[in-house]
Amino acid sequence: MSSARGTANHVELYPGDTNEPVVTASLAGAGQDVAREAKLDVPPQESLAPTKLKIEGLSKAYGDFQALHPLDLDIREGELLTLLGPSGSGKTTLLQLIAGLVKPSTGKLLMDDIDQTALPANQRDVGVVFQNYALFPHLTVSENVAFPLRMRGEPRAQTLERVKEVLEMVGMGHLGDRFPDALSGGQQQRVALARCMIYRPSLILMDESLSALDRKLRETMQMEIRRLHRETGATIVFVTHDQEEALALSDRICLMNGGRIEQVGRPEEIYEHPESVFAANFIGVSNLFAGKTTDRGVMETVFGSLPLPESIAGGIEGTLVVRPEHIALNGDDRYLEGEVVERVYAGAETRLLIQVAPELVVTARQAAGASMLEIGSRVGLGWAAENARFLTR
Amino acid sequence: MQSATAIPTSRGSSWMPRWNVFHLVLPGVIFLLLFLLLPTLQVLAMSVFKQGDFTAAAFAKMVSSPLYLRVFAKTFSIALQTTIYCLVLGYPLAYWVSTLNARKQRLAMFFILLPFWTSALIKNFSWLIILGRQGPVAELMAALGIPGGDRLLFNEVTVVFAMVHTMLPLAVVTMIPVLNQIDRRLLPAASTLGAGGGRRFWEVYFPLSMRGVAAAGLLTFVASLGFFITPELVGSPKETLVGQLIILQINKLQNWQLGCALAVVLLICALIVCFIYDRIFGISSMSGGGGRQRAHDSVLRRSGLSLLRGLGWVSERLALLGRGGRGRLWLSLYATLALFVLMLPIFGFVPMAFTGGTALTFPPQGFSLRWFEQFFASPLWTGAIVRSFVIGIVTAAITVVIGGLAALGMARGRSRFSGAVFLLLLMPLIVPPIVIAVSLFYQFAHLSLIATDLGIVIGHTVIALPIVFVILLSTFKGYQWQLDDVSRTLGAGRWQTLRHVMLPLVSGGLVAGFFTGFLQSFEELTVALFIGGGLKTTLQRQMWDSILLQATPTIAAASVIVLAIVLALFLLVELVQSRRSRARSQPVMAA
């Protein structure tokens with residue numbers, strides 16, 4: 001494991017396109033505390049709205065496999081919370097537990113302070129939009145949307161009226177008589193949304209609901225979901241492995257990894273103040289430098305001494321995280337030196353990959369209009385010390 | 001699976017650029033026009049013309065005679081009972097199989113397919129012994145002091161029981177693929193929308209399985225209509241069915257017109273049932289393809305949905321399917337029992353073949369191999385087994401070639417005739433075998449093909465073609481045709497592509513098709529009965545004649561031999577099939 005230390009820098013070229021960033025190397029270097037319990041500190045300024053769903057020590061094991069370690073989480077009334085994580089991180093298991101499709105091994109689930117742990121799915125006030133939409137192929141769009149109201153024994157006339165209303169709301173009013181297989185992916189998505197919205201569940205769960213759509217459509221649907229969320233004031237839990245989607249949609253993000261919660265917070269909090277190497281790596285691009293603090297207030301690495309953002313006692317092993325946009329090229333501070341090996345043009349900015357050592361490539365950003373550095377040119381790297389983050393896990 | 005059909009025709013040109021690939025269906029089409037449609041029309045003509053003059057005399061006789069009307073009524077009644085029992089008993093079994101994981105499902109399928117492939121003759125002969133006066137059941141009942149052990153055979157209950165037993169594997173095998181296709185994720189979705197167990201089943205699962213239920217009902221009913229083996233062996237004269245009457249009129253009394261008229265009535269009934277099926281589900285849905293374009297406001301659909309809603313509501317109130325754990329246990333128990341009863345007659349008579357005595361009594365008197373010796377010493381039996389093998393192999397070869405070409409044409413080509421061609425290729429499933437046999441008998445009489453091996457081969461090819469065609473169609477539809485383009489871009493020529501890419505991938509399907517064709521021929525009795533003409537007897541025909549004459553332990557020995565052969569071939573097919581499905585599942589797992 002310790003041999004992976006030197007390669008602690010993980011470089012992600014195209015964060016939007018890679019669904020599952022490879023994080024093993026950086027994790028290995030971070031020296032994770034396996035026995036750590038996921039305990040969360042909710043920042044005080046955000047606990048204004050009442051708690052909709054309270055999760056206490058909830059866990060799920062399949063035989064020997066611990067899909068979800070015991071965790072606590074509060075979801076507030078009217079917020080849009082994203083469960084973000086790579087596949088196998090336990091986010092879908094958590095969603096199934098909330099929906100009541102899977103029985104928890106331990107823990108409790110309280111909705112509006114009422115214990116719902118033992119309630120089967122069909123008696124919970126929860127709506128789910130499934131990854132594959134799960135529209136009933138033998139029923140028309142209208143019949144699909146009417147299904148939940150029928151199950152609740154609503155009067156027929158009222159049901160028909162509501163169906164019309166909700167289909168109009170998602171812009172599908174003219175297609176009520178179609179069968180699902182005659183619809184496009186985006187249209188099916190709208191129907192699935194309508195079917196969930198119609199009975200006004202107090203909690204809506206969305207399982208990777210947009211992952212089957214192409215990029216343009218996905219962005220349109222993201223706007224749509226934000227609009228519906230604003231207009232209906234529903235509480236939404238959205239599961240995704242796409243960090244961009246999570247950043248764009250969420251009021252708060254719950255970052256998950258290996259069946260545990262890694263960090264919970266507003267998108268900018270997680271981006272600017274990641275609490276772990278995993279968080280730093282999974283959201284956005286990070287440059288990671290593994291090393292050990294010294295008594296002189298710097299961190300000693302195999303590439304040289306790097307300044308610490310705050311005073312930290314000596315002798316602590318950890319990782320220094322620096323975002324590419326904070327890296328100054330040929331500026332006043334020059335901690336490292338390297339050679340430009342790749343230039344990725346992305347319109348508003350250009351991303352530079354700079355080889356510092358055989359096993360260390362640093363990513364830096366250059367705003368449009370800055371003087372271009374050619375591939376092969378030598379460059380000095382520095383950053384304002386306070387923009388770096390020192391992480392011990 | 002379906003993506004192959006959706007590929008535009010321009011892509012098809014990569015394989016055979018000059019002409020339409022659809023033309024490959026021609027050999028199969030011509031074959032069936034010559035040996036199915038034409039002879040059937042001749043039979044139709046035969047029933048209404050006498051020496052060139054139109055006459056409805058045969059039909060008049062049928063309608064006026066209470067005997068015929070009674071036989072028709074009995075035939076319908078028994079076919080209907082058989083169908084209903086097969087669906088009611090088969091659905092839970094098929095459902096159970098579809099819920100198993102892949103490995104267990106393969107094992108369960110073995111216990112369903114083995115009875116499916118064991119000939120109706122052997123199974124019914126077995127019941128004759130097991131339920132006979134001196135059979136094990138009678139002995140057991142006597143030992144327990146239960147009366148009636150000597151009257152188990154020769155009544156309607158036993159006929160229906162044996163018919164259901166014979167047809168059940170067909171019904172289950174037809175339903176399972178449809179149940180397997182149902183998207184299981186819809187059930188938790190229904191749950192979160194507020195549906196309980198009963199409504200999940202009746203309003204979501206059941207309507208999605210309807211296609212399979214209807215197809216199973218159709219095939220079972222059509223097969224039961226012309227069935228004669230069961231009533232002949234385990235029924236009394238009161239249970240005489242139309243099939244037996246046709247054999248009597250044509251084979252014994254040489255009354256062609258009446259025999260043909262009876263066959264025509266059977267055919268019309270089968271076609272009416274098919275027509276109804278087609279109106280509701282679309283005949284093409286039988287191959288697993290998409291069914292007919294649905295209308296959302298049809299009366300039938302509306303009333304069907306209302307009925308299911310009622311059932312869902314009621315069962316939810318009764319909480320019949322509400323509790324998962326207990327229901328699962330009962331289902332497994334039922335399925336195990338059903339599989340046991342399916343297997344029982346297949347192995348139940350085996351001890352009797354090794355009896356030392358001269359009668360088929362239970363328990364067998366001592367152990368001996370004398371009946372096997374007698375079997376192999378008799379030129380009649382050995383001649384029959386050799387003939388059966390030769391006919392089976394030739395039939396299988398011809399069927400795979402014309403069925404394979406037709407499947408290739410259907411999978412790759414496009415034509416406005418494809419619907420009609422598909423229907424024609426499945427026709428032999430819809431026309432009762434006895435009608436096929438009678439039609440060919442009449443046609444071959446003019447072609448001097450009666451009592452020839454070639455005649456039997458042609459008849460068996462007609463019978464085997466649809467199933468082999470369906471197997472090969474799914475093989476070709478499952479093949480990723482893009483791989484051909486890939487191979488060509490990598491520098492392989494057309495023949496190299498065929499040899500190194502396509503053949504290895506479809507070979508499993510071809511082998512399965514070949515053995516299926518062979519087994520169909522090897523187990524076939526009806527055509528052999530009519531076309532063989534008493535001289536060219538196949539093994540099934542020889543067994544049939546011997547059973548009617550006198551049931552001796554030699555027949556039990558012959559059955560054991562047939563069973564051993566079928567079992568060996570069946571295991572071989574299973575081996576190939578499972579290797580094929582494993583090979584196919586690999587890319588899925590990698591993705």
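**Domain contact, chain A**

I started with where the two domains of chain A meet: five residues of domain 1 of chain A are in contact with four residues of domain 2 of chain A. I kept in mind that this is a predicted model. On the domain 1 side, I found that strand S14 (317–322) and strand S20 (389–391) of chain A each supply at least two residues. By class, I get three nonpolar, one polar and one charged for that side of domain 1.

Then I checked the bounds. Domain 1 of chain A comes in two pieces, 2–13 and 287–391, while domain 2 of chain A runs over 38–277. I took the centres over C-alpha atoms and got 38 Å between domain 1 and domain 2 of chain A.

**Chain A overall**

Chain A has nine helices and 20 strands. Of its 393 residues, 40% are buried. I also looked at contacts in chain A with a separation of 6 or more: 67% of them are between residues 24 or more positions apart.

**Ile327(A)**

Ile327(A) sits in the loop between S14 and strand S15 (328–329) of chain A. Buried or exposed, I wondered of Ile327(A)? I count Ile327(A) as buried, because 24 other C-beta atoms lie within 10 Å and the cut-off for buried is 20 or more.

Which residues does Ile327(A) contact, leaving aside neighbours within four places in sequence? I noted Val322(A), Val362(A), Ala364(A), Leu381(A) and Trp383(A). I also took the C-alpha distance from Ile327(A) to Thr363(A): 8.4 Å, for two residues 36 apart along the chain.

**H3 and H4, chain A**

Moving to a helix pair, I looked at helix H3 (residues 141–151) and helix H4 (residues 156–169) of chain A. Their axes are 9 Å apart, and H3 and H4 of chain A pack at an angle of about 125°. That angle makes H3(A) oblique to H4(A). I have the crossing of H3(A) past H4(A) down as right-handed.

From H3(A), the contact uses Ser142(A), Val145(A), Ala146(A), Leu149(A) and Arg150(A). H4(A) answers with Thr159(A), Arg162(A), Val163(A), Val166(A) and Leu167(A). I sorted the residues of this H3(A)–H4(A) contact by class and got six nonpolar, two polar and two charged.

**Arg162(A)**

I stopped at Arg162(A), which is in helix H4 of chain A and is one of the residues of the contact with H3(A). Arg162(A) counts as partly exposed, because I find 18 C-beta neighbours inside 10 Å. Not counting residues up to four places away in sequence, Arg162(A) touches Leu149(A) and Ile198(A). Leu149(A) is on the H3(A) side of the helix contact. I also checked Tyr199(A), 37 residues from Arg162(A) along the chain, and their C-alpha atoms are 9.0 Å apart.

**Where chain B meets chain A**

On to the two chains. How many residues does each chain put into the contact? I have 21 residues from chain A and 16 residues from chain B. On the chain B side, helix H10 (186–192) and helix H11 (197–225) are the elements that give two or more residues. H10(B) has the largest share of that side, with five residues. By class, I find eight nonpolar, five polar and three charged residues on the side of chain B that touches chain A.

**H9 and H11, chain B**

H9(B) passes H11(B) in a right-handed crossing.

I noted some of the contact residues. H9(B) gives, among them, Met163(B), Met167(B), Leu170(B) and Met175(B), and H11(B) gives residues including Arg211(B), Val213(B), Leu219(B) and Thr220(B). For the contact of H9(B) with H11(B), the classes come to 12 nonpolar, five polar and one charged.

**Thr452(B)**

Last entry. Thr452(B) lies in the loop between helix H21 (433–447) and helix H22 (453–478) of chain B. Thr452(B) is partly exposed, because 17 other C-beta atoms lie within 10 Å. I took the C-alpha distance from Thr452(B) to Val470(B), 18 residues apart along the chain, and got 29 Å.

Key: Residues are numbered from 1 along each chain as its sequence is written. Chains are lettered from A and ligands numbered from 1 in the order in which they are written. This is a predicted model: local features need pLDDT of at least 70, side-chain atom pairs count only at pLDDT 80 or more; totals for chains, interfaces and linings use all residues. Axes are lines fitted to C-alpha atoms, for helices over the stretch in contact, and angles run from 0 to 180 degrees between N-to-C directions. Helices (H or I, at least four residues) and strands (E, at least two) are DSSP runs, numbered from the N terminus. Angles under 35 degrees count as roughly parallel, over 145 as roughly antiparallel, 65 to 115 as roughly perpendicular and the rest as oblique. A crossing is left-handed if the near helix is turned anticlockwise from the far one by less than a right angle, and right-handed if clockwise. Two residues are in contact if their C-beta atoms, placed from the backbone, lie within 7 Å. Ala, Val, Leu, Ile, Met, Phe, Trp, Tyr, Cys and Pro count as nonpolar, Asp, Glu, Lys and Arg as charged, and the others, Gly among them, as polar. A residue is buried if 20 or more other C-beta atoms lie within 10 Å of its own, exposed if 12 or fewer, and partly exposed in between; C-beta atoms are placed from the backbone. Domain bounds come from an automatic or database domain assignment.
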